[in-house]
Amino acid sequence: HGWAPGSKILDGGMAVVGDQLTADVRPHFAWSETSATDGAILIGAPYLYLPPVPDPGPGENALLAVPGHGIVRNPIGGLSGYIAKVSQLAKLIRYDSVTVLLYHQDATKQNRHLLKELGIRVECCGTPFDVSYLRRLRNLIRQHAAVTSDRLCTAAFYGLYERRPFSLVGTGEVRSTPPDTYEDLVTDTDWIVSNYPKLDQELAKRELGLRHMLTPSKLREKLYAWIYA
C-alpha cells in the first residue's frame with residue numbers, strides 16, 4: 001500500500017530509497033512504472049484486487065478530505081490550517097458536509113476533538129496493515145461525492161478510480177532542498193500540473209497499474225515463486 005513518484009520521473013528521491021531496498025529485498029513488487037525501481041515486479045495496486053462490489057453512489061453531497069500522514073506536525077498551519085482551506089473549498093463548491101480521514105497515528109483524542117469542535121466528521125480506517133483496511137477505505141470513498149488531499153497520493157488515485165472528483169488543497173509549499181519526493185514534490189502544484197496535467201480516471205488506472213493486474217493464480221505465482229526458487 002502506498003504511492004510516490006519514483007525513478008521513472010525523478011533523478012534521486014525514491015530512486016535512492018529504491019536502491020537501498022533492492023539491495024536487501026528481492027523480489028519486490030510495485031504498482032506501476034511510476035513508482036517502480038529497478039528490478040521491481042509490476043502487479044498493480046492491492047486496491048484493484050478487492051472483491052468487486054457495486055457502487056451505491058454517495059449517500060450525500062459530502063467531501064472526503066485525506067490529509068497527508070503527519071500533517072498535524074506540519075509547522076505550516078498544521079491540522080487547523082489545513083481544515084480552514086478544506087472548508088473554503090467545501091463552501092466554494094457547496095458541499096453539504098466534510099469528513100476528514102485521519103491516518104491512524106494522527107487519530108488522537110486531541111485531533112478528533114479539534115475536528116469535532118469545528119463541525120467536521122472524523123473517520124479512521126485503522127492501520128494499512130489490517131486486512132480489512134482497503135475495504136473500509138473503499139466504502140468510505142464511495143460514501144462521498146468527492147475527495148481532496150494536500151498532496152497527490154493514494155487517496156487521489158483511489159478516488160479518481162471510483163469516479164470521484166479529486167481536488168488538491170493545501171499549502172503547496174516546497175520546503176526541502178533538493179525537494180523531497182513525497183513530502184514536497186507531490187504538494188507542489190506547479191510540479192503536479194507539469195507532470196500530471198489531467199487528473200481523471202484514466203490517470204488513476206495508469207498509476208494504480210491496472211494493465212499489470214494479474215489473475216489470482218498468476219498473482220499467487222508471482223508473490224510466492226521466490227519461496228521455491
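Glu162 is found in the loop between helix 5 and strand 7 (166–168), where helices (H or I, at least four residues) and strands (E, at least two) are DSSP runs numbered from the N terminus. The model is predicted, so that local features need pLDDT of at least 70 and side-chain atom pairs count only at pLDDT 80 or more, whereas totals for chains, interfaces and linings use all residues. Residues are numbered from 1 along each chain as its sequence is written, and side-chain values use heavy atoms, with hydrogens and water left out. Glu162 counts as buried because its relative accessibility is 7%; buried means under 20% relative accessible area, exposed over 50% and partly exposed in between (1.4 Å probe, protein chains only). When residues up to four places away in sequence are not counted, Glu162 touches Tyr47, Asp55, Arg138, Ile141 and Arg142, contact being defined as heavy atoms within 4.5 Å.

Arg138, Ile141 and Arg142 are also among the buried residues of helix 4, together with Tyr133, Leu134, Leu137 and Leu140. Since seven of the ten residues of helix 4 (residues 133–142) are buried, this helix is largely enclosed by the rest of the structure. Its buried residues pack against strand 3, strand 4, strand 5, strand 6 and helix 5.

Five strands form an open sheet with parallel pairing, in the order 5-4-3-6-7; two strands pair if DSSP finds at least two bridges between them. Strand 5 (121–123) and strand 7 are the edge strands, each pairing on one side only. From one strand to the next, the twist averages 25°. Strand 3 (residues 62–65) runs parallel to strand 4 (residues 97–101) and is joined to it by four bridges. Within this pair, Leu63 has Val98 as its bridge partner, and Ala65 has Val100. Strand 3 also runs parallel to strand 6, to which three bridges join it, and here Leu63 stands opposite Ala146.

In a regular strand the side chains alternate between the two faces of the sheet. In strand 3, Ala62 and Leu64 point one way while Leu63 and Ala65 point the other way, and all are buried. Helix 2 (residues 78–93) lies across strand 3, strand 4, strand 6 (146–149) and strand 7, and runs at about 150° to strand 3. Such angles run from 0 to 180 degrees between N-to-C directions, and axes are lines fitted to C-alpha atoms, for helices over the stretch in contact.

Two packed helices are described by the angle between their axes and the distance between the axes. The axes of helix 5 (residues 154–161) and helix 7 (residues 201–208) come within 8 Å and cross at roughly 125°. Helix 5 is therefore oblique to helix 7, given that angles under 35 degrees count as roughly parallel, over 145 as roughly antiparallel, 65 to 115 as roughly perpendicular and the rest as oblique. Phe157, Tyr158, Leu160 and Tyr161 in helix 5 meet Gln201, Leu203, Ala204, Lys205, Glu207 and Leu208 in helix 7. The residues of this contact comprise seven nonpolar, one polar and two charged; Ala, Val, Leu, Ile, Met, Phe, Trp, Tyr, Cys and Pro count as nonpolar, Asp, Glu, Lys and Arg as charged, and the others, Gly among them, as polar.

Overall, the chain contains eight helices and seven strands, and buried residues make up 43% of its 229 residues.
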